[in-house]
Amino acid sequence: DAVAVLRSTGSARVYLDAGHPAWIRDVGALAAALRKAGVTEADGFALNVANFVGTDENVRYGQQISDKLGGKSRFVIDTSRNGNGAYPAATVNGAPSWCNPPGRALGEEPTADPGPDRVDALLWIKYPGESDSDCRPGEPESGEWWPDYALGLARKAR
């Protein structure tokens with residue numbers, strides 16, 4: 001029902017969160033879940049929201065999901081923090097690597113003309129510099145602005 005309600009405004013673009021390629025590997029099962037959630041009534045699905053997986057990997061993954069949905073589903077990718085890809089280990093300094101991992105960078109700038117087939121946009125959905133949580137000593141709580149992390153993302157951007 002949420003898709004229908006949001007679409008009824010006439011001005012909202014609606015994309016259902018479909019995770020990222022390092023999270024859900026069975027694209028057939030994911031496509032079935034997206035269908036059940038109403039992706040055919042939405043504008044498409046979103047990938048990598050608040051995550052670090054690289055753009056090229058998300059494009060390939062999104063195209064695989066779209067293929068399972070009949071090849072017409074479109075998608076958007078959150079590139080706000082994926083400039084250096086995901087952290088290469090499950091943990092870093094005693095905390096999960098999804099939580100404020102060091103050495104990450106801003107990804108590609110937002111655009112509504114990204115180029116790859118079926119990709120509607122590259123977006124910065126997660127605010128660069130917003131903390132994932134206080135996973136390590138000295139890190140701010142979830143959602144809190146963290147200037148040092150934001151500067152680190154910007155300094156490492158390509």
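Reader: Is Cys135 buried, partly exposed or exposed?

Author: A residue is called buried under 20% relative accessible area, exposed over 50%, and partly exposed in between, with a 1.4 Å probe and protein chains only. Cys135 has a relative accessible area of 26%, so Cys135 is partly exposed. Cys99, by contrast, is buried, with a value of 0%. Please note that this is a predicted model, in which local features need pLDDT of at least 70 and side-chain atom pairs count only at pLDDT 80 or more, while totals for chains, interfaces and linings use all residues. Residues are numbered from 1 along each chain as its sequence is written, and side-chain values use heavy atoms, with hydrogens and water left out.

Reader: What joins Cys99 to Cys135?

Author: A disulfide is a pair of cysteine sulfur atoms within 2.5 Å. Here a disulfide joins the two residues, with an S to S distance of 2.0 Å. The link connects distant parts of the chain, 36 residues apart: Cys99 lies in the loop between strand S5 (95-96) and strand S6 (119-123), and Cys135 in the loop between S6 and helix H4 (147-155). Such elements are DSSP runs numbered from the N terminus, helices being H or I of at least four residues and strands E of at least two. The count by this rule is 1 disulfide.

Reader: Why is the disulfide of Cys99 and Cys135 right-handed?

Author: The torsion about its S-S bond is about 95 degrees, so the disulfide of Cys99 and Cys135 is right-handed.

Reader: Which residues of helix H2 are buried?

Author: An α-helix has 3.6 residues a turn, so residues three or four places apart point the same way. In H2 (residues 27-37), the buried residues are Val27, Leu30, Ala31 and Leu34. Seen down the axis of H2, they fall within an arc of 100 degrees, so they line one face of the helix; the arc is that of the directions from the helix axis to the C-beta atoms. These buried residues pack against strand S1 (15-17), strand S2 (44-47) and helix H3 (55-68), contact meaning heavy atoms within 4.5 Å.

Reader: What is found just after H2?

Author: Gly38 takes a positive phi of about 100 degrees there.

Reader: How many bridges join S1 to S2?

Author: Two strands pair if DSSP finds at least two bridges between them. S1 and S2 run parallel and are joined by 3 bridges, with Leu16 having Phe45 of S2 as its bridge partner. S2 also runs parallel to strand S3 (residues 74-78), through 4 bridges; here Phe45 has Phe75 as its partner, and Gly44 stands opposite Arg74. S3 in turn is joined to S6 by 4 bridges, again in parallel, and Val76 is partnered by Ala121 of S6. In S3, 4 of the 5 residues are buried.

Reader: Which unit do S1, H2 and S2 make?

Author: A crossover is right-handed if, with the strands pointing away from the viewer, the path from the first strand over the helix to the second runs clockwise. S1, H2 and S2 make a right-handed β-α-β unit, and S2, H3 and S3 also make a right-handed β-α-β unit.

Reader: Which residues does Ser66 touch?

Author: Ser66, found in helix H3, counts as buried at 0% relative accessibility. Not counting residues up to four places away in sequence, Ser66 touches Phe45, Gly71, Lys72, Ser73 and Arg118.
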